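Welcome! Please take a moment to look over the sequence and the model before reading on.

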Amino acid sequence: MLKTQIYHDSPHMKVLRAIPLFASLEPDEYMEVHSRIVEKKFYKNQVVLLEEETSKFLYIVYGGKVRVVNLGSDGSERILAVHKRGDIFGEMAMLDAKTAPATVIAMEDSEIGLLSKQIFDKIFLKSEKAVLQIVGILCRRLREAQLMLKAIALPDAEMRLRSILNHLSRLHGVRDDRGVVIALRLTHKELAGYTSVSRETVTRILHRLTMEGDLETLENKTILLKESFWEKQQF
C-alpha cells in the first residue's frame, strides 16, 4: 500500500497528469502509458535528438529545458522553440514516422521521458479524446512556427527582438503587478539564436530597452516586460 502511494505521488507522475494529452486517457490507459515511459538524464548541451534522425519516441520534459534548433553549416544555431517542464515534443514523428525536422539540445541538465511509437500507436491513436489533443498540439505548433517566421522576416533588428519577446511572453509569460515575466532564463546568445542577429546586437538592444524602461532583467535572469514595452510597438 505504501509503495502504491509513493508511486502516485511521484514528481514525474504529477508532471504527466498535468499534460492535457495524457490527462485525456482513461485511468487504465494512463497507467499503462506511465509504466512504459523510459526516463533519461541529459546534461547541459547534450544532444537529445539530431536533425534528420528517425525518431521512435515521444519526449516528455520532466525537468530542465531543451532548445529546438536548425544548425547552420558554420555551427550556428537558429532557435525554433524552447520546451520546459511539462512540455512534450516529437509528436510529428509519431504520426508520419519521418525524420526529425530539427535538432534538440539540452539547455541545462534535464530529465526526459521517452515513450515508444509502438505504445503511442496502441494507446493514443485509439482514443478519440487523445487524437483531438494531438490535432490541437499540431495546430499550436503550426501557429507558433508562423509567428516565428513573421518575426524573423522583420527588417529591423529591434523590431525582431521585440516581436520575439512578445511571442515568448505569450508562450511562457506570467503576469504580475509589474508587467509580464518571461518564465525562461535565456542568455543573450540564445536570444540571438531566436532573432537571427548577433549576440552583440541583442545585448545592445536589451540595454537600450532597459534604459528606456521597457524591460528589466531580474536577478534570476528572467526578463520582465513592462507596460511601456507594448505601448511603443504594435504586434
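S228 sits in helix α11 (residues 227-231). Leaving aside residues up to four places away in sequence, S228 touches G213 and D214 (contact means heavy atoms within 4.5 Å).

A few notes on reading the model: it is predicted, with local features needing pLDDT of at least 70 and side-chain atom pairs counting only at pLDDT 80 or more, while totals for chains, interfaces and linings use all residues. Residues are numbered from 1 along each chain as its sequence is written, and side-chain values use heavy atoms, with hydrogens and water left out.

Helices (H or I, at least four residues) and strands (E, at least two) are DSSP runs, numbered from the N terminus. Helix α10 covers residues 199-211, 13 residues in total, and reaches 18 Å from its first C-alpha to its last. That is close to the 18 Å expected at 1.5 Å a residue (the expected span is 1.5 Å times one less than the number of residues).

Which residues of α10 are buried? They are T201, V202, I205, L206 and L209, where buried means under 20% relative accessible area with a 1.4 Å probe, protein chains only. Seen down the helix axis, these residues of α10 fall within an arc of 125°, so they line one face (the arc is that of the directions from the axis to the C-beta atoms). Their cover includes α8 (157-172), α9 (188-195) and β11 (215-217).

## A four-stranded sheet

Now for the strands. Four of them make an open, antiparallel sheet in the order β1-β8-β3-β6, where two strands pair if DSSP finds at least two bridges between them. The edges are β1 and β6 (88-89), each pairing on one side only.

Strand β8 (residues 110-116) has five of its seven residues buried, so it is largely enclosed by the rest of the structure. Five bridges join β8 to β1 (residues 38-42), with L114 as the partner of V38. Six bridges join β8 to β3 (residues 57-63), and here G113 is the partner of I60. Two bridges link β3 to β6, where Y59 has F89 as its partner.

Key:
Buried < 20%, exposed > 50% of the residue type's maximum accessible area, 1.4 Å probe, protein only.
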